[in-house]
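Let's take a walk through this structure together. Have a look at it first, and then we'll go through a few spots one by one.

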Amino acid sequence: MILEFLISAVGLGALYALLTIGVALLFGVLGLMNFAYGEIILAGAFAMYLFRDQPWLVALLMAIVFAVVVALLSERLAFHPLRNADPVTLMIASFAVSLAIQSLARMTVLPRTRGVAPEDFLAHRVDLLGADVSVLDLLTLALCGTMLVAVAWMMGRTSLGIQLRAAAEDFQMASSLGVRANLVIPSAFVTVGVLAAVGSAVLVARQGAVSADMGLQPMLIGVVGAVLGGMSSLKGAALGGFLLGAATALLESLLPTDLIAFRDAFLFSALIAVLVVRPQGLLSGAKVRVS
Amino acid sequence: MVLSITDAYLQYGASVMAVQGCSLHVGEGELVSLIGQNGAGKSTLVKAVMGQVPLHSGTITVDGHSVSDRGFSTVRKRVSHVPEDRGIFASLTVGENLRLGGITRKDKAGLARDIERELERFPVLRKYWSRGASLLSGGEQQQLAIARALLLDPRLLLLDEPTLGLAPIIVDLIFDVVVQLREEGMTILLVEQNAVRSLEVSDRSYVLQAPGKVLGSGSAAELGELPAVVEYLGFSPAEVGVTR
């Protein structure tokens, strides 16, 4: 029972951490609170639907391609021309991109919710050290955990990762040292696309459906998690997302059945209490690019 | 001339003209200091060289190339800037901060040699190589900022208030390094409020008065002969033992 809960909680925490890193990375590098993040997730989810008859790994690969393409197109068409705009303008532009992609999806390929039958292997349960664990929970943990390790490696061990972290902390100083905006900004969007695609694959597997507005909830989770952990710190954002996911799983396990419907009320009350004590977020402290 | 600023007007926002008609020049291998009170426009001038404050009118050139030109890059022109707030990346380690200093360099062997040279110059950075930069003291962060700036192999080094808020022993160390760099032939523009120390180490100095007007310029001895400068500084360089 405890192992089952731990796998579920850590898996959901890792999923939420992926979502929050996607939000915090663009906020740091570009000063962009990207409300179109949900539609990047939607692009990945749509690929999971479109390639539902293909092997799951092929569908995941296509989800990455779709999400990265949408992320890069949004950068090139909407955010690139506004590169030196103030954060409010960028935020409004991201609203516009979000609504445009969502409306386009609703008018064309996703006028209504489409079911995606779960893969057979995801419906199984396995015995793990005496605990009855769902393969879906194991997959969530393995996939999101692997992605977090890969992102941590990329950020910590590669030249691009160091440049991304520096740009996320102080874009102007990074530029004056020779970190190129034309390298780090598209790279950040590609990273966000990959994270969103992996998140979307897990979400589709868990929800069994794809709809035009399905990106809203994970986008909000990403924003809330990033605010909780600290918008100006990628580590903080990952921690915030992880804690949010783990707390969600904890509340689902501990709350009596008749109070489950109020899970989010408990969750966000706790969040507000944390932000009253640390309004800058749990691990914030670095500078944020303002324009 | 490496740096040439001619009749520069620099404006913050729509209305604040922080520098009005400033002209100054820094020649190859020269150490030139900008001296003046808070708000005189010293840091604004440095930021304008880095392209961080737009030029309203006048010209600023580095090696004859205007900083206002499209395509002008301080990195390509090898202009290194140590800003007043040091610009250290707190979430990166000391080693990662230093690696960023040489991010544009293609000569990896030369970069490795230069990193070693800076670690010899600032031994504390070797000691704390893997430590998070946010854990360094103010003086250690300043040493990191200067070492990182030197790894660009700069043609022009802009030091903005490098001793601000530091303990006297660290101030001595920073000025020793500045003298060392001057003797190595580095071209430096030093912004300082510590007028006496600046005059001691500089080849020439410009005394700035708000809003960015040059009250006088020259060696410490030449400045001592300008009554307006002596009155502004509150001392004559010769009186405080500066004879350079």
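Let's start with the second largest pocket, whose volume is about 680 Å³. Keep in mind as we go that this is a predicted model. The pocket is lined by 28 residues, and those closest to its centre are A:Arg165, A:Ser233, A:Leu234, A:Lys235 and B:Ser91. As for the elements around it, helix 1 (2-30), helix 6 (135-157), helix 7 (159-169) and helix 11 (234-254) of chain A each give two or more residues to the lining. Helix 6 of chain A gives the most, with 5 residues. What is the lining like by class? It has 15 nonpolar, 9 polar and 4 charged residues.

Now turn to a pair of strands in chain A. Strand 2 (residues 125-128) and strand 3 (residues 131-134) of chain A run antiparallel, with 4 bridges joining them. You can find A:Leu128 standing opposite A:Ala131 of strand 3. The two strands form a hairpin with 2 residues between them, and in the turn A:Leu129 has a positive phi of about 50 degrees.

One more stop: A:Ser211. Look for A:Ser211 in the loop of chain A that runs between strand 4 (209-210) and helix 10 (216-229). Is A:Ser211 buried or exposed? Its relative accessible area is 13%, and under 20% is what counts as buried, so A:Ser211 is buried. Leaving out residues up to four places away in sequence, A:Ser211 touches A:Leu42, A:Leu110 and A:Thr113. Its side chain also makes a polar contact, at 2.9 Å, with the side chain of A:Asp213.

Note on methods. Residues are numbered from 1 along each chain as its sequence is written. Chains are lettered from A and ligands numbered from 1 in the order in which they are written. This is a predicted model: local features need pLDDT of at least 70, side-chain atom pairs count only at pLDDT 80 or more; totals for chains, interfaces and linings use all residues. Side-chain values use heavy atoms; hydrogens and water are left out. Buried means under 20% relative accessible area, exposed over 50%, partly exposed in between (1.4 Å probe, protein chains only). A polar contact is a pair of N or O atoms within 3.5 Å; within protein, one must be able to donate a hydrogen and the other to accept it, and residues adjacent in sequence count only if both atoms are side-chain atoms. Contact means heavy atoms within 4.5 Å. On a 1 Å grid over the protein atoms alone, a cavity is a set of points where a 1.4 Å probe fits but cannot get out, and a pocket is an open set with protein on both sides within 12 Å along at least five of seven lines; lining residues have an atom within 4 Å of a point. Grid points are joined across faces, edges and corners, and a volume is the space filled by probe spheres set on the points. Ala, Val, Leu, Ile, Met, Phe, Trp, Tyr, Cys and Pro count as nonpolar, Asp, Glu, Lys and Arg as charged, and the others, Gly among them, as polar. Two strands pair if DSSP finds at least two bridges between them.
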